Amino acid sequence: MHSFPTPALAMVERMRAAAAEDPDRAIAFQGAPGANSHRAACEAAPDHLPLPCFGFEDALEAVKDGRAGCAIIPIENSQHGRVADIHFLLPRSGLSIVGEHFMRITHALMAVPNEDGGFGPFEAAYSHPQALGQSRLFLRERGIVPLSHADTAGAAAFVAEKANPRLAAIAPRLAGELYGLQVVEDRVEDAPDNTTRFVVLSREPLDPAALDGNTAMTTFVFEVKNVPAALYKALGCFATNGVNMTKLESYQQGTSFAASMFYADIEGAPGDPRVDRALEELAFHCKALRLLGSYRQARARG
């Protein structure tokens, strides 16, 4: 808890105490109160109790050790790409993806005023690296140095604690309200359709049969064999069985650099004969295959 800036500590303690009273209803998120993940938790699970955690691993650990029934984690942004380390953390967590949530992201530049009541000029702005990347042009045009912080709301709390009018934060408006900062400029993100995809994780996977009647998604990771045309053969399994793949990303694991790991999303779930055949054929062409979960599609792809 003490990794959070001082202005956030009392709120973190209250939220953790409430979650401890009913851990099955708790939903863990990364960041201080007021972060975008806090808002996503409230939107995706309005009947749950938001549980703030300092890091992504802390949020996943809260589910694993029973302090929360689920966690909500951002995995990719329409403007800035995938969230760093998520592809490594999710498979290692042992948790299952049971849902997804898309959220429009808006950022505000906020700060404490000068003695005359005005604002700026700003030397630097603190925020999470994703938010800084999503506001890169805005900051560059104004000559404001981007400085990383663990999360957006934590950055706002940090700037409030420092009370230096030359420092600003890029964070949701809610964070400014919680920590006593004033919004200097709203909607500073570079793209008007800036959207982040979150996934909800639980200790137990959803039964694919429970998804009948809904368009389902299945997420998995796999490692191809280090032979010519390995990826071509692996992906052919989905083409020949008529299964739509909506996402494919490669990443390196270990130091050999001999073969890549791939993170993929497909439409459908085990129990569908087409999906079953495709995954069976994929396993034949791979060194490793691990399903991360099947869940209801939150928005249409394409």
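**Reading the model, feature by feature**

Mentor: Start with Glu189. At 9% relative accessibility, Glu189 counts as buried, because buried means under 20%. Keep in mind that this is a predicted model.

Trainee: Which residue forms a salt bridge with Glu189?

Mentor: Side chains of opposite charge can pair when their charged atoms come close. Here Arg104 is the partner of Glu189, with the closest N and O atoms 3.4 Å apart. Arg104 sits in strand β5, and Glu189 in the loop between β10 and β11, so the pair ties together parts that are 85 residues apart in sequence. Arg104 has 29% relative accessibility, so this residue counts as partly exposed.

Trainee: How many salt bridges are there by this rule?

Mentor: The count comes to 17 salt bridges. Another one joins Asp186 and Arg173, at 3.2 Å from N to O. This pair links distant parts of the chain: Asp186 is in strand β10 and Arg173 in helix α8, 13 residues apart. Asp186 is partly exposed at 35% relative accessibility. Arg173 is partly exposed too, at 43%.

Trainee: What else does Arg173 touch, leaving out residues up to four places away in sequence?

Mentor: Arg173 touches Ala108, Met110 and Val183 as well as Asp186. For a sense of distance, take Arg173 and Glu115. They are 58 residues apart in sequence, and their C-alpha atoms are 22 Å apart in space.

Trainee: Lys247 forms a salt bridge with Glu249. Are the two buried or exposed?

Mentor: Both Lys247 and Glu249 are buried. Their closest N and O atoms are 3.0 Å apart. Salt bridges that share partners join Glu76, Arg82, Glu100, Arg197, Lys247, Glu249 and Asp265 into one network.

Trainee: Now helices. How do I describe two that pack together?

Mentor: Two packed helices are described by the angle between their axes and the distance between the axes. Look at α9, residues 230–240, and α10, residues 273–285. Their axes come within 8 Å and cross at roughly 170°. An angle over 145 degrees counts as roughly antiparallel, and therefore α9 is roughly antiparallel to α10.

Trainee: Which residues make the contact?

Mentor: On α9 they are Lys233, Ala234, Cys237, Phe238 and Thr240. On α10 they are Ala278, Leu279, Glu281, Leu282 and His285. Sorted by class, the contact has six nonpolar, two polar and two charged residues.

Trainee: What span should helix α1 have at 1.5 Å a residue?

Mentor: Helix α1 covers residues 6–21, which is 16 residues, and should span 22 Å. Its end C-alpha atoms are 24 Å apart, which agrees.

Trainee: Which residues of α1 are buried?

Mentor: They are Ala8, Leu9, Met11, Val12, Met15 and Ala19. What covers them includes β1, α2, β2, α7 and α8.

Trainee: And how many residues of helix α4 are buried?

Mentor: Six of the eight, so α4 is largely enclosed by the rest of the structure. The buried ones are Ile86, His87, Leu89, Leu90, Pro91 and Ser93. After α4 comes Gly94, with a positive phi near 80°.

Trainee: Where is Tyr251, and what does it touch beyond four places away in sequence?

Mentor: Tyr251 is in strand β13, residues 245–251. At 4% relative accessibility, Tyr251 counts as buried. Among the residues that Tyr251 touches are His87 and Pro91, both buried residues of α4. Other contacts of Tyr251 include Arg82, Val221 and Phe262. His48, by contrast, is 203 residues from Tyr251 along the chain, and their C-alpha atoms are separated by 34 Å.

Trainee: Last topic: the backbone. What should I look for?

Mentor: Most residues other than glycine have a negative phi, and most peptide bonds are trans. Look for exceptions. Phi of Arg187 is positive, near 50°. Arg187 is in the loop between β10 and β11 and is exposed, with a relative accessible area of 55%. Ala229 has a positive phi near 65°. Ala229 lies in the loop between β12 and α9 and is partly exposed at 41%.

Trainee: Which peptide bond is cis?

Mentor: The bond from Gly120 to Pro121 is cis, with omega near 0°. Pro121 is found in the loop between β6 and β7.

Definitions and conventions. Residues are numbered from 1 along each chain as its sequence is written. This is a predicted model: local features need pLDDT of at least 70, side-chain atom pairs count only at pLDDT 80 or more; totals for chains, interfaces and linings use all residues. Side-chain values use heavy atoms; hydrogens and water are left out. Axes are lines fitted to C-alpha atoms, for helices over the stretch in contact, and angles run from 0 to 180 degrees between N-to-C directions. Helices (H or I, at least four residues) and strands (E, at least two) are DSSP runs, numbered from the N terminus. Angles under 35 degrees count as roughly parallel, over 145 as roughly antiparallel, 65 to 115 as roughly perpendicular and the rest as oblique. Contact means heavy atoms within 4.5 Å. Ala, Val, Leu, Ile, Met, Phe, Trp, Tyr, Cys and Pro count as nonpolar, Asp, Glu, Lys and Arg as charged, and the others, Gly among them, as polar. The expected span of a helix is 1.5 Å times one less than its number of residues. Buried means under 20% relative accessible area, exposed over 50%, partly exposed in between (1.4 Å probe, protein chains only). A salt bridge is a side-chain nitrogen of Lys or Arg within 4 Å of a carboxyl oxygen of Asp or Glu.
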